[in-house]
Amino acid sequence: MTPNADPELCRAFAADLAAARFRTEALRAAWGVEADDASGRGLRSPALRGLGDRRDALAVLARLLVFGIAQPLADVGAALPALGTEGLQRLGLAEIAGDVVEPRAIVRPQSFHDDRGPGEWWIASDLDELALGGGALAEDHVLGVGGASLTLAGLQLPTPARRVLDLGTGCGIQALRARRYADEVVATDISERALAFARLNAALNGTGGIDTRGGSLFDPVAGETFDRIVSNPPFVITPRAKGVPAYEYRDGGLIGDALVERVITGVGPHLAPGGTAQLLANWETRDGVAGLDRVRGWIESAPVPLDAWIVEREELDPIRYAEMWIRDGGTVPGSPAFDALLDAWLDDFAARGVTAIGFGYVLLRRAEGAPTLARYERVTNPIPSEGALGSHLAAALAEHDRAAALDDEALAAARLRTAADVTEARHHRPGEEAPSVIELRQGGGFGRSVQADPALAGFLGASDGELPAGVLIDAIAQILEADAAALRASLLPTIRELLLDGFLAFAD
């Protein structure tokens, strides 16, 4: 069945969901915290046990829409007094079969929190493993909200934009998030089924201003530019071999990481000057060339100059990578089908000399002159609040841009302050007065830690926005009996990095 975004039906459905308190917290309370955690691991029986034999609207809709279990026609009709069971069928979310209603999609609440406060959406998508009880998914499966979706949503810059492009929208979650800050969103996808879900989800949540368009990559927006582009593209590296399923939601149809390369090299001309692009991606370490270095090469060869901040979050060997994505498609380890797919994956990697696959975040910006930012880094430590990284990135870019416009003399004249979430830890050897290690730790952002010498630690300790940075450095030089000019030359480049990292900020 194809989802139908009829506005009147969607309004009635939303009214019924709200009246049933079909929300994250109410559902968690209905079946319990432990059962809720178990459902996140693909186990639905604890939550169903928690619901027991309840037949109220929340319980009926939870069984039907969260867990994909057919429900009695009369119970569903009572739970959806405004929409009715026929309305649910007309939306393409269920079918009436005699005296039961059989689900054809899932609808789950998804809470979020950004700079404008907390909120919650209802997100419809195809029946998944939790609802189907296992088994391989259809190749045109439209994915709901997963870990990658939430990561990218949290990375989105929470700053105003006129036009945003959501490239490869899927169920539309990124478009909904972008619309909170943008006047207009264009959402594209090669899958017409995905676009149908995206339209339904926009209508169900009362969100206008989202223009859906079908087509591959940048074809639907040829000649257009945007203030921001976000994309959770089908970046999964899949062998192009007989018998290997190609899932539309994750497989781009190209060899290796060529799809990611094409997005990165093609995004610049579609960005307005100063416009940003954010995406998730995989990249291969191939023939001895590290994945991050290959990404750097793509960016440096792009047709327009781009600022770049690339963060590699993890790196997997070919076996672990293949295992993860074969499992994701619903094929059980130990089965002949799993072994055949694993062989296909490993043959594919071996043919290209792939020894590792990286996953990470890509932030690109169309430079208005020469690029000033080229950071390629590995950040593998736990992030304190990944869902709030967008705010951190926006602030970091602003601080970097201001610092990049200043020469060292002007930076030394600026007043800086240490971020409120920065703490210091000093490690002493027994009996020694001076610390052997001084560690500066960040409570937010990427949760970074920096080893500091006494001069840098002293500077951050004294940076309260009252005195210019140069005056503080000179005072520290005097205390440490160091050459002031040499200390400035040493500290100012580090200060620029700490402004980007979020340890420091301009006081005004």
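**View 1. Helices H12 and H13 pack against each other at an angle of about 35 degrees.** In this predicted model, helix H12 spans residues 258-267 and helix H13 spans residues 291-300, and their axes lie 8 Å apart. Helices (H or I, at least four residues) and strands (E, at least two) are DSSP runs, numbered from the N terminus. Axes are lines fitted to C-alpha atoms, for helices over the stretch in contact, and angles run from 0 to 180 degrees between N-to-C directions. H12 passes H13 in a right-handed crossing; a crossing is right-handed if the near helix is turned clockwise from the far one by less than a right angle, and left-handed if anticlockwise. On the H12 side the contact (heavy atoms within 4.5 Å) is made by Val260, Glu261, Ile264 and Thr265. H13 contributes Val295, Trp298 and Ile299. By class, this contact has 5 nonpolar, 1 polar and 1 charged residues. Here Ala, Val, Leu, Ile, Met, Phe, Trp, Tyr, Cys and Pro count as nonpolar, Asp, Glu, Lys and Arg as charged, and the others, Gly among them, as polar.

Numbering and thresholds apply to every view: residues are numbered from 1 along each chain as its sequence is written, local features need pLDDT of at least 70, and side-chain atom pairs count only at pLDDT 80 or more. Totals for chains, interfaces and linings use all residues, while side-chain values use heavy atoms, with hydrogens and water left out.

**View 2. Helix H5 is largely enclosed by the rest of the structure, because 9 of its 10 residues are buried.** Buried means under 20% relative accessible area, exposed over 50%, and partly exposed in between (1.4 Å probe, protein chains only). The helix covers residues 57-66, and its buried residues are Leu58, Ala59, Val60, Leu61, Ala62, Arg63, Leu64, Leu65 and Val66. After H5 comes Gly68, whose phi is positive, near 65 degrees.

**View 3. Strands E18, E14 and E19 form an open sheet in the order E18-E14-E19, with antiparallel pairing.** The edge strands are E18 (464-468) and E19 (504-506), each of which pairs on one side only. Neighbouring strands of this sheet are turned by 35 degrees against each other on average, direction ignored. Two strands pair if DSSP finds at least two bridges between them. Strand E14 (residues 415-418) runs antiparallel to E19 and is joined to that strand by 3 bridges. The bridge partner of Arg417 in E19 is Ala505. Helix H19 (residues 469-480) packs on the sheet, touching E14 and E18, and its direction makes about 80 degrees with that of E18. Helix H20 (residues 484-501) also packs on the sheet; this helix touches E14 and E19, and its direction makes about 90 degrees with that of E19.

View 4. Leaving aside residues up to four places away in sequence, Leu472 touches Phe459, Ala462, Ser463 and Leu467. Leu472 and Ala505 are 33 residues apart in sequence and 15 Å apart in space, C-alpha to C-alpha.

**View 5. Strands E15, E16 and E17 make an open antiparallel sheet in the order E15-E16-E17.** Its edge strands are E15 (422-427) and E17 (449-452), each pairing on one side only. On average, neighbouring strands of this sheet are turned by 25 degrees against each other, direction ignored. E16 (residues 437-442) pairs with E17 in the antiparallel sense over 4 bridges, and the bridge partner of Arg441 in E17 is Ser449. Helix H18 (residues 454-462) lies across E15, E16 and E17 and runs at about 40 degrees to E16.

**View 6. Two loop residues, Thr169 and Leu217.** Thr169 is found in the loop between strand E6 (161-167) and helix H10 (173-179), and counts as buried at 4% relative accessibility. Not counting residues up to four places away in sequence, Thr169 touches Ala175, Ala187, Thr188, Asp189, Leu195 and Ala198. Leu217 lies in the loop between strand E8 (210-214) and strand E9 (226-231). Leu217 is a residue other than glycine with a positive phi, near 45 degrees.
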